[in-house]
Amino acid sequence: MEGLRLWILLTLLEGLFYLLRVERWRSLTAMSSLENLSHEDRIFPPSPEFVAQANAQTSLYQEAADDRLAFWSRQADYLHWEKKWDEVLKWEVPSAQWFLGGKINATYNCLDAHVIAGRGDRVAFHFEGEPGDTRTITYAQMLHDVKKATNALIELGIRAGDRVAIYMPMIPEAAVAMLACARIGAAHSVIFGGFSAEALKSRILDADATLVITSDGGFRKGSAFPLKPVVDEALAGTDHNVKNVLVVKRTGQETQWSAGRDIWWHEIVDRQSPEHIAQGFDSEQVLFILYTSGTTAKPKGIFHTTGGYLTQTSYTHRAVFDLKPETDVYWCTADIGWITGHSYVVYGPMINGATQVMYEGTPDSPTKHRLFQIIEKYKVSILYTAPTLIRTWMKWGEEFPADSDLTSLRLLGSVGEPINPEAWMWYREVIGGNNCPIVDTWWQTETGGLMISPLPGVTATKPGSAMAALPGISAKVVDDEGNEVENGNGGYLVLTEPWPAMLRGVWGEPERYQETYWSRFPGKYFAGDGAKLDDDGAIWLLGRVDDVMNVSGHRISTTEVESSLVSHHNVAEAAVVGANDAMTGQAIVAFVILRGGIPKVDGEELIKDLKAHVTKEIGAIARPKQILVVAELPKTRSGKIMRRLLRDVAENRTVGDSTTLADPNIMKLIGEGLKSGKSED
């Protein structure tokens, strides 16, 4: 009996000590339950060959640390200014003004400067349409087209300060429209072509646009889809100030017409003069408004101004992608409807004179070989894409990239969300042939340009880590009280100093700007992402704070559980959500896609194996309560996983709005599978 009492006492003490250790560790890590992120032992230093030719040098960090404003002033000197600035920065939280008194024209820097310097014959875009049509467009041709489009806008009454909504597929005219607006100081508001009429209407009204530029439609998965009818629906019965709708004929499909309002692009643009002299605008002239989707509130109109934005996007593009404009072919796969398309398809690359690939279609049309064939065809050397696409390639299997010659690639980039370490390794090995540095980048619509990323030729990289803030950027990880955490600990990612490309506000809602980004940690910018510093001080992004689950008092990042699942040899992609649970607060529910080409395995055995794998990788606290093997995940047309819909299914709620999904039927299939599955402990 005494032995039993002693055993019980020791067991209770051991449990108490364990709980104390857990509580202490949890208070330190704040956002993360993963110790293994602090011990990633796969490190890839830059090769001597890459170092020898790299644009970036280690000295950039010291230069920025010694005098941050002088550093940014030097980056701004790469641009053409009609008038040099008088003051680099005026900063009063949360309002920043960069390069005060400077006069600059965005389009002149993207086009005129190259033509004047004798680079007009350089290819600006290799355009590849989904049906197989192609165009090769030089900088001189782009300038010619933009000048004519500019004169058409002037004829339609567009002036500096006006707002123009652009709702188009991924075709060259979309970039032409953006640059024509910028040339005359009108702010463009690009709306992704997958958005509904209601979403389009809310953005047109919020920006008070006076012109909409669209097309009859575009091509997707082998067939034409309409765009002009969506514009008609958005404007119908609405009190708006849109005077004209300018329509590019892309597909030739039948298009309804509103006489006096609607104008064919070719009919007004083609007859314009190809002459137009660009004038400089104030550095703080609004360049564009871009709306971020809201879940409970209306979308936020994030607006950016000209001088600082152009400075940071051109600098980061030049340094992070190691661009050699005379020889590189650069391909960013983002649509221009998103910030990545603004900063790293249009403005940054074109200022730097890059030759780019622009593709209209989807990755699997007409076959899953399509993107790899395009890389081979144009000898793409720099590829910038999203983890979602990389994991999709993993799911398809290695045979598709293996059928194309990808040896032209010399640098790979990742953008949009944290990348799982195993997806990072697959990207390096299969796409990059173990020969390409990977720049895993963190930034946001709000930041305007890259903020955290390795510098190729300088930074030794770890799979899944964005590594460090770029020179000139001050990013910190803080705890609940706003205090910086030590290495090995997690918390909230904040920016502590203003940066040139930062948003200047939320359009028409200054109070919302203050409340959303500057109220959680006074004096510091916080947009909702969690992060962790590993033992070496490298930064690991953990995704949105609202994607952190609270399981029995333990805060567990969905990203980390997803990384664990994807590290299993059978899993290509995973999405994890926290579902309300009466016992634990939240329970972990995982949806997984299996890799292509794996042998058929017993479903229940596989689920047990996956749960055991997560337990081994992270610990029992992170073991999913439910795992469902699915054929697809709910993704928007831009490739983002809509986890809120998965959470609806996991909690047996009516699934919310799924109109922006690439395939709305996916949710029905997932819901039926979850109800019939036997994946619950």
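Q: What pLDDT does the chain average, and what share of the residues score at least 70?
A: This is a predicted model, and pLDDT is the predictor's confidence in each residue. Here the chain averages a pLDDT of 89, with 89% of the residues scoring at least 70. The pLDDT is below 50 over residues 1-35, a stretch that has 38 contacts in the model beyond near neighbours in sequence.

Q: How is the packing of two helices described?
A: The description consists of the angle between the helix axes and the distance between those axes. Take helix 5 (residues 106-116) and helix 12 (residues 339-351): their axes lie 8 Å apart, and the packing angle is about 50°. That angle makes helix 5 oblique to helix 12. In passing helix 12, helix 5 makes a left-handed crossing.

Q: Which residues of helix 5 and helix 12 meet?
A: On the helix 5 side they are Ala-106, Asn-109, Cys-110, Leu-111 and His-114; on the helix 12 side, Val-346, Tyr-347, Met-350 and Ile-351. By class, this contact has 7 nonpolar residues, 2 polar and no charged.

Q: At what angle do helix 3 and helix 4 pack, and how far apart are their axes?
A: Helix 3 (residues 59-66) packs with helix 4 (residues 68-76) at about 120°, and the axes are 5 Å apart. The two are therefore oblique to each other. Leu-60, Glu-63, Ala-64 and Asp-66 of helix 3 meet Arg-68, Phe-71 and Arg-74 of helix 4. The residues of this contact comprise 3 nonpolar, no polar and 4 charged.

Q: In what order do the strands of the open sheet lie, and which strands are at the edges?
A: The sheet has 7 strands in the order 5-4-17-16-18-19-20, with mixed pairing. Strand 5 (134-138) and strand 20 (438-440) are the edge strands, each pairing on one side only. From one strand to the next, the twist averages 15°.

Q: How many bridges join strand 16 to strand 18, and do these strands run parallel or antiparallel?
A: Strand 16 (residues 329-332) and strand 18 (residues 382-385) run parallel and are joined by 3 bridges.

Note on methods: Residues numbered from 1 in each chain as written. Predicted model: local features only at pLDDT ≥ 70, side-chain atom pairs only at ≥ 80, totals over all residues. Heavy atoms only, no water. Axes fitted to C-alpha atoms, helices over the stretch in contact; angles between N-to-C directions. Helix = DSSP H or I, 4+ residues; strand = E, 2+ residues; numbered from the N terminus. Parallel < 35°, antiparallel > 145°, perpendicular 65-115°, else oblique. Left-handed = near helix turned anticlockwise from the far one by under 90°. Contact = heavy atoms within 4.5 Å. Nonpolar A, V, L, I, M, F, W, Y, C, P; charged D, E, K, R; others polar. Pairing = 2+ DSSP bridges. pLDDT = per-residue confidence, 0-100.
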